[in-house]
Amino acid sequence: MDEQLQEQGLHEVCKLLAATTDVTLIEDFFGCLFTASERQDIAKRWLLVREIDKGTTQREIARMFSMSLCKITRGSRELKKADSAFRKMLELADSLK
């Protein structure tokens with residue numbers, strides 16, 4: 001499949017998610033779009049970012065989620081970037097509490 005077409009598809013999904021505030025619809029959509037394993041992987045990746053932000057060590061996170069240090073290091077690097085999307089989403093999540 002053409003890379004540009006894939007990017008268009010991803011962009012469309014992102015626009016749809018941004019357009020709705022119906023959490024149940026999004027959860028149902030994810031249930032249709034992703035396998036149970038893929039949903040678990042997405043959840044783990046988000047939870048590892050939260051743990052990094054809390055100051056949990058990478059080794060502790062690896063044990064908690066049975067993940068490779070590689071995935072955790074990637075999350076840590078992304079979180080440290082200037083204008084990090086992870087940081088923005090963490091701030092948004094905190095504001096919704």
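Me: Leaving aside neighbours within four places in sequence, which residues is L48 in contact with?

Reply: The model is a predicted one. L48 is a member of the largest nonpolar core. With neighbours within four places in sequence left aside, the contacts of L48 are I61, F65, M67, K71, I72 and G75.

Me: Which residues make up the largest nonpolar core, and which helices each supply at least two residues of this core?

Reply: The largest nonpolar core has 10 residues in all: L48, V49, I52, I61, A62, F65, M67, I72, L79 and L90. The helices that each supply at least two residues of this core are helix 3, helix 4 and helix 5.

Me: Which residues of helix 4 are buried, and why do they line one face of the helix?

Reply: Helix 4 covers residues 58–65, and its buried residues are I61, A62 and F65. Looking down the axis of helix 4, these buried residues fall within an arc of 105°, so they line one face. In general, an α-helix has 3.6 residues a turn, so residues three or four places apart point the same way. The buried residues asked for are I61, A62 and F65.

Me: What does the buried side of helix 4 pack against, and which exposed residues are on the face turned away?

Reply: The buried residues of helix 4 pack against helix 3 (36–54) and helix 5 (69–80). On the face turned away from the buried side, the exposed residues are R59 and R63.

Me: Where does S66 lie, and what is its phi?

Reply: S66 follows helix 4 and lies in the loop between helix 4 and helix 5. Most residues other than glycine have a negative phi. S66 is exposed, with a relative accessible area of 64%. Although S66 is not a glycine, its phi is positive, at about 50°.

Me: Is D83 buried or exposed?

Reply: D83 lies in the loop between helix 5 and helix 6 (85–95). D83 is not a glycine, yet has a positive phi of about 60°. Its relative accessible area is 64%, and the cut-off for exposed is over 50%, so D83 is exposed.

Me: How far apart do the C-alpha centres of domain 1 and domain 2 lie?

Reply: The domain assignment gives domain 1 as 1–33 and domain 2 as 35–96. The distance between their C-alpha centres is 21 Å.

Me: Which element of the protein chain has the lowest mean pLDDT?

Reply: The mean pLDDT of the protein chain is 95, and 100% of its residues reach 70 or more. Among the elements, helix 2 (residues 23–33) has the highest mean, 97, and the lowest, 92, belongs to helix 5.

Methods: Residues are numbered from 1 along each chain as its sequence is written. This is a predicted model: local features need pLDDT of at least 70, side-chain atom pairs count only at pLDDT 80 or more; totals for chains, interfaces and linings use all residues. Side-chain values use heavy atoms; hydrogens and water are left out. Buried means under 20% relative accessible area, exposed over 50%, partly exposed in between (1.4 Å probe, protein chains only). Helices (H or I, at least four residues) and strands (E, at least two) are DSSP runs, numbered from the N terminus. The arc is that of the directions from the helix axis to the C-beta atoms. Contact means heavy atoms within 4.5 Å. Domain bounds come from an automatic or database domain assignment. pLDDT is the predictor's confidence in each residue, from 0 to 100. A nonpolar core is a set of buried Ala, Val, Leu, Ile, Met, Phe, Trp, Tyr and Cys residues joined through side-chain atoms within 4.5 Å.
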